[in-house]
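Here's a quick walk through one model. Have the viewer open and follow along.

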Amino acid sequence: MECILDAKSLVGEGPAWDSQSETLLWVDIEGRELHRFDPRRRRDQVVRLPEYIGAAVPRASGGVVAALRDGFYHVDLDTQAVILLAKVPQTGTDHRFNDGKCDALGRFWAGTLPLSQDRPTGVLYCLEPDLTVRPVIDGLTISNGLGWSPDHRVMYLIDSAVRSVTAYDYDLASGAPSGGRTIIEIEDGIPDGLAVDVEGMLWVAHWGTWRLSRWDPRTGDRLQEFGLPVSQVTSLAFGGPDLRNIYVTSARLGLSPADCEAQPYAGGLFELPAPVPGLPTMSFAG
Ligand code: ZN
């Protein structure tokens, strides 16, 4: 366990491994920044954005696709260009995008939340490679971590407000989730980001309780826990050679001065060796 970047981000989030450049994309939602971190050189590149950024994924044709407050945008880290790809139907200033991820066919899934985080008006959207947008799952309060089983037949989604992981049957060809059922309820802290390893086990980041946990989605059993030196653990992604590292983001928002003294690396990026390799971050295909 090592703090590899003492970023002091407000809400470090959405780590995504870009295997092409062997770098880690991550965002600071409240700080309105997109970052690209090179773990070998310990170098971090940043683009400041005009709006909240919920998630970012590598784009197969180059650059990055980001879910900003009101829609999907192309971002070029070198030129700092930000170009609108598609707005979402739900507009207004009282919602923003939160976590997002691509499925195995390169569709970009990202969900929204009401800024008040107190009513189920969030929606999970799908950006298709042809840049059309579909609202797919509504009734979410804090749409958060996403993932798929190794065979792509199950989609996982966390709604942090109800502190649970929901599994959906997933038809990869059409990009349709169905039959949602709660498979895991979290009682210690608030479940935030999610990742899946090659054995199909789920990894959950716990906001508020200094840890990651690993779960068997078939039985609902908690298998392992991994402690972090920060309380607000937000998300994780597998990366590095053979996807054998775990990169973890964290937040500083809401901590008191005493909290910050007790956890000086809050808001930083962490790396730990994975007991089993993870599934790769998929790129947006469009
Ligand atoms: Zn999150």
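## Pairing in the sheet

Two strands count as paired if DSSP finds at least two bridges between them. Keep in mind that this is a predicted model. With that rule, strand β3 (residues 23-28) and strand β4 (residues 33-38) are joined by five bridges and run antiparallel. Look across that pairing and you'll find tryptophan 26 opposite histidine 35 in β4.

Zoom out a bit: the open sheet has four strands, ordered β2-β3-β4-β5, with antiparallel pairing. The edges are β2 (12-18) and β5 (43-48), each with a single partner strand, so one side of each has no neighbour in the sheet. On average, neighbouring strands here are turned by 20 degrees against each other, ignoring direction.

## The zinc site

Which residues coordinate the zinc ion? The donors are Glu13 (OE), Asn144 (OD1) and Asp192 (OD), at 2.0 to 2.2 Å. Along the sequence, their spacing reads E-x130-N-x47-D. Asparagine 144 sits in strand β14 (residues 143-148) and aspartate 192 in strand β18 (residues 190-196), so this pair ties together parts 48 residues apart in sequence. Both asparagine 144 and aspartate 192 are buried.

Arginine 42 isn't a glycine, yet its phi is positive, at about 55 degrees. You'll find arginine 42 in the loop between β4 and β5, and it is partly exposed, with a relative accessible area of 42%.

Tryptophan 210 also has a positive phi without being a glycine, this time about 60 degrees. Its spot is the loop between β19 (202-207) and β20 (211-216). Tryptophan 210 is partly exposed too, at 35% relative accessibility.

Notes:
Residues numbered from 1 in each chain as written. Predicted model: local features only at pLDDT ≥ 70, side-chain atom pairs only at ≥ 80, totals over all residues. Heavy atoms only, no water. Donors = N, O, S within 2.8 Å, 3.2 Å for Na, K, Ca; no water. Helix = DSSP H or I, 4+ residues; strand = E, 2+ residues; numbered from the N terminus. Buried < 20%, exposed > 50% of the residue type's maximum accessible area, 1.4 Å probe, protein only. Axes fitted to C-alpha atoms, helices over the stretch in contact; angles between N-to-C directions.
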